[in-house]
Amino acid sequence: MSIAIVGGTGDEGFGLALRLASAGEHVIIGSRLEERGRGAGEKAAQILGAGATVEGASNEEAVASSDVVFVTVPYAALSDTYRGLKEAFRPGAVVCDCTSPLATAVGGRPWQVIRPWHGSAAEQAQSLLPASVRLVSGFQTVSGESLQDLEHPVDGDVMLCGGDAEAKATIGALVERIPDLRWVDAGSLAMARVVEPLTAILVSVNRNYKVKTAGIALTGRDAWGSPS
């Protein structure tokens, strides 16, 4: 199975690529510019060393080659990204949208949020995707810096939202490939309206405490995963 990372040259996307490739997954780092994507793939291969299966390509090539896709672009680029890739997604592909609607998209601060017309960035993405694509929202509370720091595990929980339990379990299995990360079924895609703004809270916490790796963990169980 190949995993595409759309916008994989940014902090979050590149960190995800490193973590998943280091866990033995075949990762394709995508970028709007094929040259940038290939450069990021080469950089990741150098960091991970022999045995890692990671490469770079354009976003279109990465998506067309993969059954699982992570979209890690800034909110300002969300609509154009999904419109441009609509014909490239494989039927039945599982897409994890990692977008947070931060106010930086309209010249505001990263600790402020805006409310998308559809309610959340994920629901906006769903309106732009083919009906056959299975959408999950997640990873808004995991910092790119933590993902890129391969010397340390990533603390916290990933809250996954979506209406397709099998798709959530697919993304959840990949979450569990990253040391110390757990995944939590947070409910329907509409719950992304609550989860996505948590990014702004973490940015504010990082700013106040002069750190870069604040995350969120849920109490109440030793393990979460699928509720079934």
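Which residues are exposed on the other side of α2? Here is a friendly walk through the model, with the reply in point 4.

1. **What you are looking at.** This is a predicted model, in which local features need pLDDT of at least 70 and side-chain atom pairs count only at pLDDT 80 or more, while totals for chains, interfaces and linings use all residues. Residues are numbered from 1 along each chain as its sequence is written, and side-chain values use heavy atoms, with hydrogens and water left out.

2. **The sheet.** Start with the open sheet of six strands, ordered β3-β2-β1-β4-β5-β6 with parallel pairing. At its edges sit β3 (54–58) and β6 (134–137), each of which pairs on one side only. On average, neighbouring strands are turned by 25° against each other, direction ignored. Strands (E, at least two residues) and helices (H or I, at least four) are DSSP runs, numbered from the N terminus; two strands pair if DSSP finds at least two bridges between them. Look at β2 (residues 26–31): five bridges join this strand to β3, and the two run parallel. Val-27, for example, has Val-54 in β3 as its bridge partner.

3. **Helix α2 and its length.** Helix α2 (residues 34–48) lies across β2 and β3, at about 170° to β3. Such angles run from 0 to 180 degrees between N-to-C directions, with axes fitted to C-alpha atoms, for helices over the stretch in contact (heavy atoms within 4.5 Å). The expected span of a helix is 1.5 Å times one less than its number of residues. For the 15 residues of α2 that gives 21 Å, which agrees with the 21 Å between its end C-alpha atoms. Just after α2, Gly-49 takes a positive phi of about 85°.

4. Buried means under 20% relative accessible area, exposed over 50%, and partly exposed in between (1.4 Å probe, protein chains only). In α2, Gly-37, Ala-40, Gly-41 and Ala-44 are buried. Seen down the helix axis, these buried residues fall within an arc of 105°, so they line one face; the arc is that of the directions from the axis to the C-beta atoms. Their cover includes α1 (11–22), β2 and β3. On the other side of α2, the exposed residues are Glu-35, Glu-42 and Gln-46.

5. **The cysteines.** How many disulfides are there? A disulfide is a pair of cysteine sulfur atoms within 2.5 Å, and the count by this rule is zero. The sulfur of Cys-96 has its closest cysteine sulfur in Cys-98, 4.2 Å away and so too far for a bond. For Cys-161, the closest is that of Cys-96, at 9.6 Å, again too far. Cys-96 is buried at 0% relative accessible area, and Cys-161 is buried at 0% as well.
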